[in-house]
Amino acid sequence: MKQGNIKVALVGNPNAGKSTLFNSLTGLRQKTGNFPGVTVEKKSGTFRIAGIDAPVTLVDLPGTYSIYPKSKDEAVVMDILANPKHPDFPDVVIVVVDASNLQRNLLLFTEVSDLGLPCVMALNMLDVAQSMNLTVSAVQLAMQLNVPVASINARTGVGIDKLKEAVKQLLEVQKKPELRYFYEPKKEEIALIGEVKQIYNLQNDYVALQYVCQHDNFSFLEQPARTRLDKLIEKYGFDENHFLATETVARYEKIKPIVSKAVKSSGATEQPYWTRKLDSILLHRVWGYVIFALVLLLVFQAIFSWATFLSDIVDGGAAQGIEWVKSVLPEGVLNDLITDGILAGVAGIIVFIPQIAILFALVSILEESGYMARVMVIMDKLMRRFGLNGRSVVPLISGVACAVPAIMTTRSISSRYERLLTILVTPLMSCSARLPIYTILIALVVPSTQVLGFFSLQGLVLFGLYFLGLFGALASAWLLSLFIPRNEPSYFMLEMPSYKLPRWGHVGFMMYESVKSFVLEAGKVIMAISIVLWVLSSYGPGDRMKKAEQTTLTKMSNAPQEEVDAAVASARLENSYAGQFGHFIEPVIRPLGYDWKIGIALLASFAAREVFVGTMATIYSISGDSEDVPTVKQRLLQEKDPETGAPMFSAAVCASLLMFYVFAMMCMSTIAVVYRETHGWKWPLIQLAYLMVLAYGAAFVAYQLFS
Amino acid sequence: MSAHTVSKLRKGEKGVIKSFSDQAMSLKLLEMGCLPGCEVRLDAIAPFGDPICINVGGCYSLSLRLNEASVIELE
């Protein structure tokens, strides 16, 4: 028997319980990454089998209805299963089968079995089948299909030991038994199969057929090999579409008698009562939207009220921590770099963790329970008008917390075109980092009066900004869809899973994963930029900063120490590289009503938008707690335009800044994640450009309208 | 008269799949378990009349757009 480095792959239909089984088998010994060469999320882990010394590696392959892929994710399955040299090529395949929908699930099983891979069937959801008046016999299935079958309950873990035992027995088999194909090639296909087998040195007929049908998806085939296969297809007049349809029908012909022998029905087959009942409410033309609106409200409440409470604690703790480090380390450049550069960057990252954790816990609960699929149904028609898909709803909602993990959730959109559009517009959803900016600018110009007795005007304006972001996202999707040619038809076709209680362990794991991806993906960028910004604002050309400091000190020799410190910080910043940059871009941003000081804050908010407020505080030499909104607000109100003498932060400038931040792609981490998800610089640069134009235009119009 | 299709079903109405009028779509539908001879029932219609949810063979619920449903011809 093979010892060490044993690999097992999980294959199955979506909603068959594959991920649940994966979690049951591996527990916490799992990690996520990417399959080599593609940005398809790969979940792998290890588990132990009694009698085998080394841990066994388990790879969870993307859920699919057949081995013929309909999306990038699904293409990974065959890219691995057809390539014995692939690092993830399995020694044994566990095919997870949903007993409550046996006929459809067996289609994939027979395909995988025909590839000649050692297979074990994990027969799951027997309890669901039971509730639908169906009794499924594992013994009958094993006999009919000639395969080891383990009855399991992936949720409770029942039968997992038997499944492991079956895997072990397959590993111990010395000589492979002769394969009984479920699909027997037709006469006209045999010659083609023979030639392909000979050229590529293949043993298996069905693998040879996959070379013919799927060679464009096989990353392990070079271009000459693909061209050669195309020539063979021509030579034998092979009609792929016709073949696929007849093959699938032929398989079902084989499957039908097997199912009728293995499944006994004791009454009418019907979906679980609660699923039908809930669907009649949640998909209702009125209640469906009312409930969705309430769910959204709850999500917003969670992010903006409960999470803010936690964020404030984290923020306060981080600020104290930084102060402490500053006081214990010897004074000097190194101290400044560590505290103002590195630790400030770390603090800027961890402050968002509560919001991201809570949002993704909620999204995961909605997905686990089966509700998200219904939301996609009620939103599909609306989304379709803008070139998107019902599936785009999840990334757009997630974008309210942070665009980085939101863009990662677009992977579940099977159409590349709709996925790309969703990625391009998701950053328009106002993320949580923009909230501090909105708050302070609104506080500056919108009076805190009540409208209609109970709505706060400031609150309404804030709501309006979020709505404007959503509107901008949908409108941009529509505009972009006019310019980017659609190269494939749009599909919706979505299986509605039955409603289930969420598995809390899984929700926790999802939460952990999204926080991790945020810290690692966005965190790296925020961190790097924080350090660069620190350098830019701490050093200046020649000795300008020193001179400015001296001048300020002489000028303010009688003022209290605190004010002097603040004025010095401000003078130093003006003469630093960052200050120079502010002056440099002033002509460009002048039409928007901004001066060089706001220019510095714009530059700083490239790292992460929330840096804007802190930078404004430094530039306007605000002493004391620089994050304190009323203090910053007071100072900003006093600021005068050096040319006109009028207040700098007029309604026009604030409106212009608000528009800028609603539309601008101001965050480097988003650019980085779009680069990664779209494999190149083309789309992130297009996105950056169109959002810049949009932001600049909107800010310009707002400034001109209000001034 | 054009063929009777799933997109023309009323809520709660049943039908038996006869054939598909689009080849690319038919493969997808077959793989998802919509086979000729299989009974389907229209369970729900999304608020703007599209997409719809059908129950396939009593087994499971499938949501599809009207244009996708119009490919499924009924007996």
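The model is predicted, so local features are taken only at pLDDT of at least 70 and side-chain atom pairs only at pLDDT 80 or more, while totals for chains, interfaces and linings use all residues. Residues are numbered from 1 along each chain as its sequence is written, with chains lettered from A and ligands numbered from 1 in the order in which they are written.

Chain A holds 30 helices and 12 strands, where helices (H or I, at least four residues) and strands (E, at least two) are DSSP runs numbered from the N terminus. Its C-alpha trace spans about 95 × 55 × 50 Å along the principal axes. Of the 707 residues in chain A, 43% are buried; a residue counts as buried with 20 or more other C-beta atoms within 10 Å of its own, as exposed with 12 or fewer, and as partly exposed in between, the C-beta atoms being placed from the backbone. Counting contacts in chain A with a separation of 6 or more, 71% are between residues 24 or more positions apart. Two residues are in contact here if their C-beta atoms, placed from the backbone, lie within 7 Å.

On to helix packing, which is described by the angle between two axes and the distance between them. Helix α7 (residues 187–200) and helix α8 (residues 205–214) of chain A have axes that come within 9 Å and cross at roughly 90°, which makes α7(A) roughly perpendicular to α8(A). The axes are lines fitted to C-alpha atoms, for helices over the stretch in contact, with angles from 0 to 180 degrees between N-to-C directions; under 35 degrees is roughly parallel, over 145 roughly antiparallel, 65 to 115 roughly perpendicular, and the rest oblique. From α7(A), Leu192(A), Ile193(A), Val196(A), Lys197(A) and Tyr200(A) meet Asp205(A), Ala208(A), Leu209(A), Tyr211(A) and Val212(A) of α8(A). That contact is made up of 8 nonpolar, no polar and 2 charged residues, with Ala, Val, Leu, Ile, Met, Phe, Trp, Tyr, Cys and Pro taken as nonpolar, Asp, Glu, Lys and Arg as charged, and the others, Gly among them, as polar. Asn201(A) sits in the loop between α7 and α8 of chain A and has a positive phi, near 55°. With 6 C-beta neighbours inside 10 Å, Asn201(A) is exposed.

Helix α13 (residues 333–350) of chain A has 18 residues, which at 1.5 Å a residue should span 26 Å; its end C-alpha atoms are 24 Å apart, in agreement. The expected span is 1.5 Å times one less than the number of residues. Buried in α13(A) are Thr339(A), Ala344(A), Gly345(A), Gly348(A) and Ile349(A). Helix α25 (residues 596–604) of chain A is mostly covered, with 8 of its 9 residues buried, among them Lys597(A), Ile600(A) and Leu603(A).

The contact between the chains takes 32 residues from chain A and 27 residues from chain B. On the side of chain A that touches chain B, the elements giving two or more residues are α3 (102–114), α10 (240–262), α11 (273–282), α12 (287–328), α15 (371–385) and β12 (494–496). The largest share, 6 residues, comes from α10(A). By class, this side of chain A divides into 14 nonpolar, 10 polar and 8 charged residues.

As for backbone geometry, most residues other than glycine have a negative phi, and most peptide bonds are trans. Asn133(A) has a positive phi near 65°; this residue is in the loop between α4 (126–131) and β7 (134–136) of chain A and is partly exposed, with 14 other C-beta atoms within 10 Å. In chain B, a cis peptide bond with omega of about -5° joins Asp50(B) and Pro51(B), and Pro51(B) is in the loop between β2 (39–45) and β3 (52–56).

Some residue pairs show how sequence and space compare. Ile313(A), in helix α12 of chain A, is 135 residues from Glu178(A) in sequence and 65 Å away in space, C-alpha to C-alpha. Lys516(A), in helix α21 (residues 504–538) of chain A, is 37 residues along the chain from Leu553(A), with 46 Å between their C-alpha atoms.
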